[in-house]
Amino acid sequence: MQVFRGIPERSDHGCVLTIGNFDGVHRGHQALLAKLVTKSRANGLPSAVLTFEPHPREYFTHENRPIRLTSLREKIQRIADQGVDRLYIGRFNARFAALTAESFIEDILIRGLCARHLMIGDDFRFGKGRQGDFAMLETTGRTVGFTVEAMHTLVHEGERVSSSAVREALAEGDMPHAARLLGRPYSISGRVMHGDKIGRTIGFPTANIQLKHRSPPLMGIYTVSVEGLTDRPWPGVASVGVRPTINDAGRPTLEVHLFDWNTECYGAHLKVNFLAKQRDEERYDTLEALTAQIARDAEQARAHFAQNPL
C-alpha cells in the first residue's frame with residue numbers, strides 16, 4: 001500500500017475512494033474496505049482511503065476528545081492488511097477546517113484525489129459547519145462525473161458495530177465482546193523500551209512497551225499473548241496503568257511479563273493481544289504485597305493458557 005502524507009494539489013489518475021477515521025479498523029470498517037477493494041478492481045481503478053490526523057473531533061473538542069483505539073502506525077497497518085492500494089493522511093488544521101463544502105468537493109475530491117466513485121456512510125458530513133452531506137455529493141457527482149454510494153452501519157450478532165462500542169467493551173473489561181466487534185483480540189503495538197527494571201528484582205521481569213503520547217482505552221491487569229518475538233504468539237500477563245505502588249508520575253505504562261522468556265528484547269516492536277481482563281490496577285502498601293499479587297496474576301494467566309493453548 002502506498003501511504004501519502006497530505007493530499008496532492010492535482011491528480012489525473014482516478015480512484016475509488018472512501019473517507020473516514022477508521023479508528024480500530026473494526027468489522028464495520030473491514031466490510032467497507034472489502035467493498036471498496038472489490039469495486040475498485042471491478043472498475044480497473046486503485047482503491048484509496050482518505051483519513052485525517054488529527055481526527056476532526058480531536059481538533060474541535062480538545063477536552064472531550066475520544067480515546068484512540070489505535071495509533072496512526074497501527075491504523076496504517078490494519079488498512080494495508082485489507083488490500084487497499086493507497087492511503088492519504090490529510091492534516092486537519094485551521095486551514096482545512098475553514099474549507100467550505102464546495103471547496104472540499106472541488107479541491108480535495110475532484111482535483112486532489114480525482115475520485116471516480118465515492119463510498120461513504122450515509123451520515124457523512126463535511127466542510128465548514130458540516131454543511132456538506134450525501135445529497136450534495138450525489139448532486140455534484142452527476143454534474144462533474146463521479147458516483148456516490150452509501151454504506152450503512154454493519155450489524156454483527158444484532159449489535160451495531162462502531163468504535164464507540166469497542167471503547168465501551170474495553171472500558172467494561174469485556175475482552176471477548178471487544179474481540180467480536182473487532183474481528184480479532186484488541187491489541188496495542190509498540191517498541192520495547194528500557195524501564196526502571198524493578199520487575200527483575202522481584203522475580204517478574206517485564207518488557208516495557210512504549211505507549212507514546214496516547215491514553216490507552218483500557219486499564220488493569222490482563223492475560224495476553226505477544227507477537228513479534230518468535231514465529232508464534234508468546235503467553236504472558238500484562239499491566240496497563242500508572243503503577244501506583246511504584247511511583248506517582250501518573251503516566252500510563254504497558255508492562256508485559258513473558259512466561260519462561262529469558263532473552264533481552266529491547267528495541268523489538270511487539271504486538272500485545274489482550275485476551276482476558278483479570279482485575280483493576282491497585283495500590284499496595286509494600287513491594288512484597290505487590291509481588292505476591294503479581295504471582296497470583298501470573299498463575300491465573302497460566303491457567304487460562306492451560307485451557308486455551310496458543
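**Figure 1. Overall view of the predicted model.** The protein has 10 helices and 14 strands. Both are DSSP runs numbered from the N terminus: helices are H or I with at least four residues, strands are E with at least two. This is a predicted model, in which local features need pLDDT of at least 70, side-chain atom pairs count only at pLDDT 80 or more, and totals for chains, interfaces and linings use all residues. Residues are numbered from 1 along each chain as its sequence is written, and side-chain values use heavy atoms, with hydrogens and water left out. Along the principal axes, the C-alpha atoms fill a box of roughly 70 × 35 × 35 Å. Of the 310 residues, 46% count as buried. Buried means under 20% relative accessible area, exposed over 50%, and partly exposed in between (1.4 Å probe, protein chains only).

**Figure 2. Strand β9 and its partners.** Strand β9 covers residues 186-193. Six of its eight residues are buried, so β9 is largely enclosed by the rest of the structure. Six bridges join β9 to β14 (residues 269-279), and the two strands run antiparallel. Strands pair if DSSP finds at least two bridges between them. Here Ser187 has Asn273 of β14 as its bridge partner. Strand β10 (residues 207-209) is also antiparallel to β9, with two bridges joining them. Met193 stands opposite Asn208 in β10.

**Figure 3. Arg251 in its loop.** Arg251 sits in the loop between β12 (234-241) and β13 (253-258). The residue is exposed, with a relative accessible area of 53%. Ser215 is 36 residues from Arg251 along the chain, and their C-alpha atoms are separated by 8.7 Å.
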